Amino acid sequence: MPEGDTIHRTARRLEAALGGKEMVLADAPNPRSPIHGRAADLQGRVLERAEARGKHLLAHFSDGLALHSHLGMNGRWRIRADGRAPYGKPWLVLSSGRGVAAQSGGQILRLVSESRLRNDPVLARLGPDPLAPGFDLEAAAARLRSAGARLEIGEALLDQSLVAGIGNAIRNGGLWAARISPWRRVGDLEPADVERALHHCRRIMEIAVERGRRPESIYRAERRGCPRCGGPVSIRGQGDANRTSYWCPTCQT
Ligand SMILES: [Zn+2]
């Protein structure tokens, strides 16, 4: 599942391929696309800016129209700069010159006016994004701690209303780097521990945006063992959504 770092990277790539350009083609050839028959509204508009907010991608076009995408579990963007047409029947194709972006699958794909976007209840509920300019680590940690003392830190980090953009790989990696067990209750952690966990999650996201991949961590390391101590990796589903937690019982307490 794409996490916030992937969406930030996608926003950058979308801007690099199509930013400042007028859309020569805007089409939704797949009948299953939520904007089938409407994508042409983007034709002739200029992509002014693309941004990520948590796992949501917002592309702002001229004359007050925005594209809102959320990839859910299985959506994806394919962005190219070589002018080649995308494979298959995507949910959306945008192209201008040699820049081509194609989107398929996912949870949300819609065209929305900037004024409606400003009041969007889904976006309004999101917690702060660790990669947003001006992200306040201390305030975000306080927000996590205020969510309930009995909440496990591994579950809290996945709650998009507390902090937005962290998914399963990032929270597992961040907690491992911070040497904190995902099963510790938020109320039993010192404020500095919660800040350290968030700091490492953000660090992983920054590295992934720069390099295109996340640093090695405990996530899916069950065969290799803990990258720090070599010990066995524990795995168990956590929270209502039963997301898989990976942790090292030796390094993470
Ligand atoms: Zn270890």
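Four donors count as tetrahedral if all angles lie between 85 and 135 degrees, and I take as donors the N, O and S atoms within 2.8 Å of the metal (3.2 Å for Na, K and Ca), with water not among the atoms, so sites may look incomplete. I am reading a predicted model, in which local features need pLDDT of at least 70 and side-chain atom pairs count only at pLDDT 80 or more, while totals for chains, interfaces and linings use all residues. Residues are numbered from 1 along each chain as its sequence is written, and side-chain values use heavy atoms, with hydrogens and water left out.

Zinc site. I looked up the zinc ion and found it coordinated by the SG atoms of Cys226, Cys229, Cys248 and Cys251, at 2.2 to 2.4 Å. The angles among the four donor atoms are 101 to 114°, and the site is tetrahedral. In sequence, the donor residues follow the spacing C-x2-C-x18-C-x2-C.

Helices 4 and 7. I then turned to helix 4 (residues 137–146) and helix 7, whose axes come within 9 Å and cross at roughly 115°; axes are lines fitted to C-alpha atoms, for helices over the stretch in contact, with angles from 0 to 180 degrees between N-to-C directions. Helices here are DSSP runs (H or I, at least four residues), numbered from the N terminus. In contact, meaning heavy atoms within 4.5 Å, I noted residues including Leu137, Ala141 and Leu144 in helix 4 and Val194, Leu198 and Arg202 in helix 7.

Definitions and conventions:
Tetrahedral: all angles 85-135°; square planar, octahedral: opposite > 155°, others 65-115°. Helix = DSSP H or I, 4+ residues; strand = E, 2+ residues; numbered from the N terminus.
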